[in-house]
Amino acid sequence: FGAHSYGHLKVENSLFPYTWTSSQVNALNNAYYKNIVGRDMWVIDDASNQCRLTGDAYGNKPKTRWLAHTRKFTQRGGPIFWIHQNHACPPIYNDMFWSQQDRQCIADAGPGQMCRPDPAEKHSNVPRTPDQPDARPGRGCERWQLIIGKDEIALNCEMGLYLDFKVTDGIIHGCPGLEHFNASMASDARGAVWSRKPGKRWLGEPDCPKQMLAEPAGSTPLYKIMEEYADDQTKWIDD
């Protein structure tokens, strides 16, 4: 899987779009593993190619999540892949896809901030403090987003090294938040299908347990190996 630190996918060949690591396609490093296991990761979306970093409103490295997804390219409604998102400000060094709201969010940034902080309470307009969580993580200035045009993805076989879920005849299942894929993929209705926050109807990361598979039995489970590689690049290279 070291090869997936390089390059990108070609939808005309595989029906899978985008890339594994958005701004590191020419670097052999362990960013791939950091993405898979959900480590906090900077947004690198810089129009001038200077690799400047975008974080949350207070300049912290953003939290990340994975969403299972299909665009129903095939008659059976597949293929399914996973899309990586960061909870961050709009990309402050690339205004190509800014909305009017994004512009205002960045214009309203205070000293030392990257954008206007979202509130800590849903029905408040008072910006959160650095130690408070965002009450509106799906909308506002700080929100879950992908890197447009350079979306980071993973295949089921890759996510399955870290999360324990099932795939039957191309349909993903086995975790809260994935229950609707069977019916949605079989439907003739157009539109993409996304994983949902368990028990809700909006987009969210499915609640899958860690992958405990170990060979031989009793050895280090797969999820733990993935975490070791994410946290120690030298160990990954040595192995």
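In strand 2, Ile83 is the bridge partner of Leu67. The model is predicted: local features require pLDDT of at least 70, side-chain atom pairs are counted only at pLDDT 80 or more, and totals for chains, interfaces and linings use all residues. Residues are numbered from 1 along each chain as its sequence is written, and side-chain values rest on heavy atoms, with hydrogens and water left out.

Helices (H or I, at least four residues) and strands (E, at least two) are DSSP runs numbered from the N terminus. Two strands are taken to pair if DSSP finds at least two bridges between them.

| Partner of strand 2 | Sense | Bridges | Example of bridge partners |
|---|---|---|---|
| Strand 1 (residues 63–70) | antiparallel | eight | Leu67 and Ile83 |
| Strand 4 (residues 153–155) | antiparallel | three | Trp82 and Ala154 |
| Strand 3 (residues 143–145) | antiparallel | three | Asn86 and Gln145 |

Strand 2 spans residues 80–88, and nine of its nine residues are buried. Buried denotes under 20% relative accessible area, exposed over 50%, and partly exposed the range in between, with a 1.4 Å probe and protein chains only. Both faces of the strand are covered: Ile80, Trp82, His84, Asn86 and Ala88 lie on one side, and Phe81, Ile83, Gln85 and His87 on the other.

Helix 3 has buried residues Asp102, Cys105 and Ile106. These cover an arc of only 95 degrees around the axis, which puts them on the same side of helix 3; the arc is that of the directions from the helix axis to the C-beta atoms. The buried residues of helix 3 pack against strand 3, where contact means heavy atoms within 4.5 Å. On the face turned away from the buried side are the exposed residues Gln100 and Ala107.

Asp118 is located in the loop between helix 3 (100–107) and strand 3. Asp118 is buried yet has no salt bridge, and the nearest side chain of opposite charge, Arg116, is 5.7 Å away. A salt bridge requires a side-chain nitrogen of Lys or Arg within 4 Å of a carboxyl oxygen of Asp or Glu; Lys and Arg count as positive, Asp and Glu as negative, while His and the chain ends are not counted. A polar atom of the Asp118 side chain lies 2.9 Å from the backbone nitrogen of Cys141. Leaving aside neighbours within four places in sequence, Asp118 is in contact with residues including Val126, Pro127, Arg136 and Cys141.

Methods:
A polar contact is a pair of N or O atoms within 3.5 Å; within protein, one must be able to donate a hydrogen and the other to accept it, and residues adjacent in sequence count only if both atoms are side-chain atoms.
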